[in-house]
Amino acid sequence: QAAPALAQTLAGERVVVSAGPTYEDLDPVRYLGNRSSGKMGFAIAAAAARRGAEVLLVAGPVSLPTPVGVSRIDVRSAVQMRQAVLGALPADIYIGAAAVADYTPRTQMANKIKKSSERLDLDLVRTPDILAEVAASEQALKLVVGFAAETENVAEYARGKLLAKRLDMIVANRVGIPDGGFESDRNAMTAYWKDGERDFSSAPKTELADRLVDLIVERLNA
Ligand code: CTP
Ligand code: CA
């Protein structure tokens, strides 16, 4: 039995979603990465497409199939993700669900780093903040949504990022708890915007994505 057609509440909207981790290469065989399966971002891209949006998914290294009706660009590093995301503008909505590496090696070794001494110090530099750049873009979007993975002070840190990055909404989830977060198929989260918030209790990521996209449609029309 086919699922009932969803109301096409995002028809005509161009949505860019980033998902998954980024890998920052140290040498040809090693990288620094984030724990992220990409499931949440992929589920959001699928949910937006089901509502009639034109969806571009910019995906870090993940092993997930491309959702039906979604265009996809695969990237590896934070710098590549930035280029793909900014290159996808103008758009109406940006959803930054990727776990972007905050630091990348200052230099990438052309050859494998051999073990020599007892210690190895890595020289790392900050990556560009893709989400903040999109929010500050000249090509103004209707809605910019960020994510925040926090282990403590969830509301405080999330609201701090909402303000600092000038976002329209931020979706926070507590990581490091048994049920939810990384790699899991379930998750619980809270969305914050200027003058409101909404809790999403623990549910499968596909269901959460649907509820979150409903909220995005609400905020878009608010
Ligand atoms: N983000 C981004 N580019 C970066 C780092 C983060 O676009 N270089 C985005 C993420 O996709 C997410 C949001 O910023 O939507 C928040 O990421 P998070 O790691 O929680 O916050 P940071 O600003 O990186 O701060 P910190 O890691 O210190 O908590
Ligand atoms: Ca970070």
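This is a predicted model: local features need pLDDT of at least 70, side-chain atom pairs count only at pLDDT 80 or more; totals for chains, interfaces and linings use all residues.
Residues are numbered from 1 along each chain as its sequence is written, and chains are lettered from A and ligands numbered from 1 in the order in which they are written. Local features need pLDDT of at least 70 and side-chain atom pairs count only at pLDDT 80 or more, while totals for chains, interfaces and linings use all residues; side-chain values use heavy atoms, with hydrogens and water left out.

The largest nonpolar core contains 38 residues, and Val55, Ile95, Met169 and Leu212 have the most contacts inside it. A nonpolar core is here a set of buried Ala, Val, Leu, Ile, Met, Phe, Trp, Tyr and Cys residues joined through side-chain atoms within 4.5 Å. Buried stands for under 20% relative accessible area, exposed for over 50%, and partly exposed for values in between (1.4 Å probe, protein chains only). A second, separate core has 25 residues, including Ala91, Ala98, Val154 and Ala172. With residues up to four places away in sequence not counted, Val55 is in contact (heavy atoms within 4.5 Å) with Val15, Val17, Ala45, Ala48, Ala49, Val70 and Ser71.

Salt bridges, each a side-chain nitrogen of Lys or Arg within 4 Å of a carboxyl oxygen of Asp or Glu, number 17. In one of them, Lys142 pairs with Glu13 at 2.8 Å, N to O. Lys142 lies in the loop between helix H3 (130–135) and strand E9 (143–150) and Glu13 in the segment before strand E1 (14–19), so this pair ties together parts that are 129 residues apart in sequence. Helices (H or I, at least four residues) and strands (E, at least two) are DSSP runs, numbered from the N terminus. Lys142 is partly exposed because its relative accessibility is 46%, whereas Glu13, at 13%, is buried.

A salt bridge also joins Arg50 and Asp210, whose closest N and O atoms are 3.1 Å apart. This pair links distant parts of the chain, 160 residues apart, with Arg50 in helix H1 (residues 39–50) and Asp210 in helix H5 (residues 205–220). Arg50 is partly exposed at 38% relative accessibility, and Asp210 is buried at 16%. Through shared partners, salt bridges connect Arg50, Arg51, Asp210, Arg211 and Asp214 in one network. In another salt bridge, Asp121 and Arg119 meet at 2.5 Å, N to O; both of these residues are exposed.

On the surface, Tyr103, Leu120, Leu122 and Leu124 make up a nonpolar patch with about 380 Å² of accessible area together. Patches consist of residues with over 30% relative accessible area and no salt bridge, like charges being joined within 9 Å and nonpolar side chains (Val, Leu, Ile, Met, Phe, Trp, Tyr) within 5 Å. Accessible areas come from the Shrake-Rupley method with a 1.4 Å probe, and for residues only the protein chains shown count as cover. Tyr103 belongs to strand E7 (residues 103–105) and is partly exposed, at 41% relative accessibility.

Leu122 and Leu124 are among the residues touched by Leu32, as are Thr22, Tyr23, Glu24, Leu26 and Pro105, not counting residues up to four places away in sequence. Leu32 is part of strand E3 (residues 30–33) and is partly exposed, with 26% relative accessibility.

Asp102 occupies the loop between strand E6 (93–96) and E7. The calcium ion (ligand 2) is coordinated by Asp102 (OD) and Asp102 (OD), at 2.4 to 2.6 Å. Donors are N, O and S atoms within 2.8 Å of the metal (3.2 Å for Na, K and Ca), and water is not among the atoms, so sites may look incomplete.
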